[in-house]
Amino acid sequence: VYVSPSGANTGAAGTRANPASLQYGLTLLSAANNHMRMAQGTYTINQPISLASNFTIEGGFESSQWIKSNTYSTIIQRSALNVEPNPSRITAIQAVNMSAFRLQDLTIQVANAIGNGVSTYGIYLSGCSNYNITRCTVIAGNGTPGQSGTAGIAGQNGAPGLNGQSGDD
C-alpha cells in the first residue's frame with residue numbers, strides 16, 4: 001500500500017500511480033497487503049495510529065519513482081487534539097498485544113500537551129512481542145502538570161505543655 005501526504009481518501013488508491021492518504025492507506029492494509037510505503041513529507045494526524053500484527057510501515061520514499069533513500073524524510077506529526085482518556089494522553093502510534101510488526105525510517109513527532117495532567121507518547125506499546133523499530137526518530141512533546149490538589153483540613157489543637165524542671169546553680 002503506497003501513501004503520500006496528498007494521497008486519495010477514497011476509491012482505487014494505494015498504488016504507486018495513485019497513492020492513498022495515510023488514514024485511507026491504513027484501512028487498505030490486509031494480510032495480503034501488509035506493507036505500507038510512505039512517501040517523503042509530513043503527515044499530520046489527530047488520532048493515534050493503532051498497529052496490527054504482521055504489518056510494516058516504512059517511510060523514506062521519493063514519491064515520483066518510489067525510490068528509497070536516507071535523504072527523504074517521512075514525518076508523522078501528532079497534533080494535541082483528541083486527548084485519549086485513562087490516563088489522559090496524546091499518542092502518535094500505539095499497539096496492544098500485537099506481534100511481528102515493523103516501523104522503519106520514520107520521524108514521529110508529538111505536539112506539546114495542553115490542559116492538566118496530560119502525558120505524551122511517541123510510541124506506546126503494551127504486551128507486544130517480536131517487533132522492530134528501525135531507524136526511527138521519536139520526539140514526544142512535553143506533558144502537562146497534574147491538577148492542583150485541594151487544601152487539607154486543619155489539624156487538631158495541641159495538648160497543654162508540662163511544668164518546667166528546676167534550674168542548675
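Thr56 has Arg102 as its bridge partner in β8. In this predicted model, that bridge belongs to the pairing of β5 with strand β8 (residues 102–104), in which the two strands run parallel and are joined by 3 bridges. Strand β2 (residues 35–39) is likewise parallel to β5, and 4 bridges connect β2 with β5.

The loop between β4 (49–50) and β5 (56–61) contains Ser53. With a relative accessible area of 23%, Ser53 is classed as partly exposed, since the buried class is limited to values under 20%. Contacts of Ser53, leaving aside residues up to four places away in sequence, are made with Met98, Ser99 and Ala100. For Ser99, a polar atom of the Ser53 side chain is placed 2.9 Å from the backbone nitrogen of Ser99. A further distance relates Ser53 to Ala31, a residue 22 positions away along the chain: the C-alpha atoms of Ser53 and Ala31 are 9.4 Å apart.

Taken together, β5 is bridged in the parallel sense to β2 and to β8, while Ser53, in the loop between β4 and β5, touches residues Met98, Ser99 and Ala100.

Methods. Residues are numbered from 1 along each chain as its sequence is written. This is a predicted model: local features need pLDDT of at least 70, side-chain atom pairs count only at pLDDT 80 or more; totals for chains, interfaces and linings use all residues. Side-chain values use heavy atoms; hydrogens and water are left out. Buried means under 20% relative accessible area, exposed over 50%, partly exposed in between (1.4 Å probe, protein chains only). Contact means heavy atoms within 4.5 Å. A polar contact is a pair of N or O atoms within 3.5 Å; within protein, one must be able to donate a hydrogen and the other to accept it, and residues adjacent in sequence count only if both atoms are side-chain atoms. Two strands pair if DSSP finds at least two bridges between them.
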